[in-house]
Amino acid sequence: MSWLRRLAHLVPHWGTTTPTTPTTTVPEAAAPEASVHYAPEIDGDPDPGEVVWAWVPYEDDPSRGKDRPVLILATEGDGWLGLPMTSKDHDRDAADEARWGRHWMDVGTGGWDAQRRPSEVRLDRVLRLGRDDVRREGAAIDRRIFDQVLAAVRDLSSRDG
């Protein structure tokens, strides 16, 4: 099993992320193989290496959520796998976040945030996005940062599994 699929199976939020369809666990046999590669192409369709805006359910109530930036890591069938992002700084509470199983990484600023606030990506929460889940493209993330995120996800998944 690939490192990304292993991580996805460890994270309870693996599933469709629409406001009307709660996140569901997808059995491994039903999950198509993911293709992880850096290929941003600002063409209106999400591509790995791009930050898009999508509906992300709250962890404590998946029937509720909000639009937020998501870093696309891979294509999977006719959808995508991505990691949610935030402009909230978790550096000050990193130990507490990790104790609850939440791991964050700084990715800097980019065109996905109109105010150009520094962003962080959550490494332990893989989201599956369908075509209707993506609201709009934000911007491409730097290749070096994308590669660092992939390395951090691989490292985290190897520690957990």
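Start with the backbone nitrogen of His90: a polar atom of the Glu120 side chain lies 3.0 Å from it. A polar contact is a pair of N or O atoms within 3.5 Å; within protein, one must be able to donate a hydrogen and the other to accept it, and residues adjacent in sequence count only if both atoms are side-chain atoms. This is a predicted model, where local features need pLDDT of at least 70, side-chain atom pairs count only at pLDDT 80 or more, and totals for chains, interfaces and linings use all residues. Residues are numbered from 1 along each chain as its sequence is written, and side-chain values use heavy atoms, leaving out hydrogens and water.

Is Glu120 buried or exposed? Glu120 has a relative accessible area of 3%, so it counts as buried (under 20% is buried, over 50% exposed, in between partly exposed, with a 1.4 Å probe and protein chains only). Glu120 sits in strand E6, residues 119–122; strands (E, at least two residues) and helices (H or I, at least four) are DSSP runs, numbered from the N terminus.

Now the aromatic rings. The whole structure has one aromatic pair. The ring centres of Tyr38 and Phe146 are 5.2 Å apart and the planes are at 55°, so this pair is tilted (centres within 6.5 Å make a pair; planes under 30 degrees apart are stacked, over 60 edge-to-face, the rest tilted; rings are those of Phe, Tyr and Trp, the latter by its six-membered ring). Tyr38 is in the loop between strands E1 and E2, Phe146 in helix H3, 108 residues apart. Tyr38 is partly exposed at 23%, while Phe146 is buried at 1%.
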